[in-house]
Amino acid sequence: MAGVWQRRVESEPGPRDVAALLEMIKHQKISALFCEPGFSQRAIEMISKDANDKIFEVDPIEATLNPYLTYQQRMSSNLAVLKRAFSE
């Protein structure tokens, strides 16, 4: 993980936060951005567009997209997302 741009669901990153993250993405040659359900898509979509990177969604237990999945199923799904993100 290179950086966190939104630490809480109820707050969005400010312009300085976005600029700092974009600078870090370019400097470290980041090629994949990860987000969680429940967080604002607006900011990460803007960052993705500016950085020309793809967005991948991982599903932590706290913000699950499907409450009927077991822990193992969620982690297997997240692993598949990570494999796809790092193979592209």
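Biologist: Where is Lys29 found?
Modeller: Lys29 sits in the loop between H1 and S1. Helices (H or I, at least four residues) and strands (E, at least two) are DSSP runs, numbered from the N terminus. This is a predicted model, where local features need pLDDT of at least 70 and side-chain atom pairs count only at pLDDT 80 or more, while totals for chains, interfaces and linings use all residues. Residues are numbered from 1 along each chain as its sequence is written, and side-chain values use heavy atoms, with hydrogens and water left out.

Biologist: OK, and what phi does Lys29 have?
Modeller: Lys29 has a positive phi of about 55°, although it is not a glycine. Most residues other than glycine have a negative phi.

Biologist: Is Lys29 buried or exposed?
Modeller: Lys29 counts as exposed because its relative accessibility is 72%. Buried means under 20% relative accessible area, exposed over 50%, and partly exposed in between (1.4 Å probe, protein chains only).

Biologist: Which residue has a positive phi of about 60°?
Modeller: That's Asn52, which is not a glycine either. Asn52 lies in the loop between H2 and S2, just after H2. At 70% relative accessibility, Asn52 counts as exposed.

Biologist: Let's zoom out. How many helices and strands are there in the protein?
Modeller: The protein has 3 helices and 2 strands, and along the sequence they follow the pattern α-β-α-β-α. Of its 88 residues, 32% are buried.

Biologist: What about contacts between residues 24 or more positions apart?
Modeller: Those account for 43% of the contacts with a separation of 6 or more. Contact means heavy atoms within 4.5 Å.

Biologist: Now H2. Which of its residues are buried?
Modeller: In helix H2 (residues 41–51), the buried ones are Ala43, Ile44, Ile47, Ser48 and Ala51. Seen down the axis of H2, they fall within an arc of 135°, so they line one face of the helix. The arc is that of the directions from the helix axis to the C-beta atoms.

Biologist: What do the buried residues of H2 pack against?
Modeller: They pack against helix H1 (15–28), S1 and S2. The face of H2 turned away from that buried side carries the exposed Arg42 and Lys49.

Biologist: And H3, which residues are buried there?
Modeller: Arg74, Asn78, Val81 and Ala85 are buried in H3. Down the axis of H3, these fall within an arc of 55°, so they line one face. An α-helix has 3.6 residues a turn, so residues three or four places apart point the same way.

Biologist: What covers that face, and what's on the other side of H3?
Modeller: The cover includes strand S1 (32–35) and strand S2 (54–57). On the other side of H3, Gln72, Lys83, Phe86 and Ser87 are exposed.
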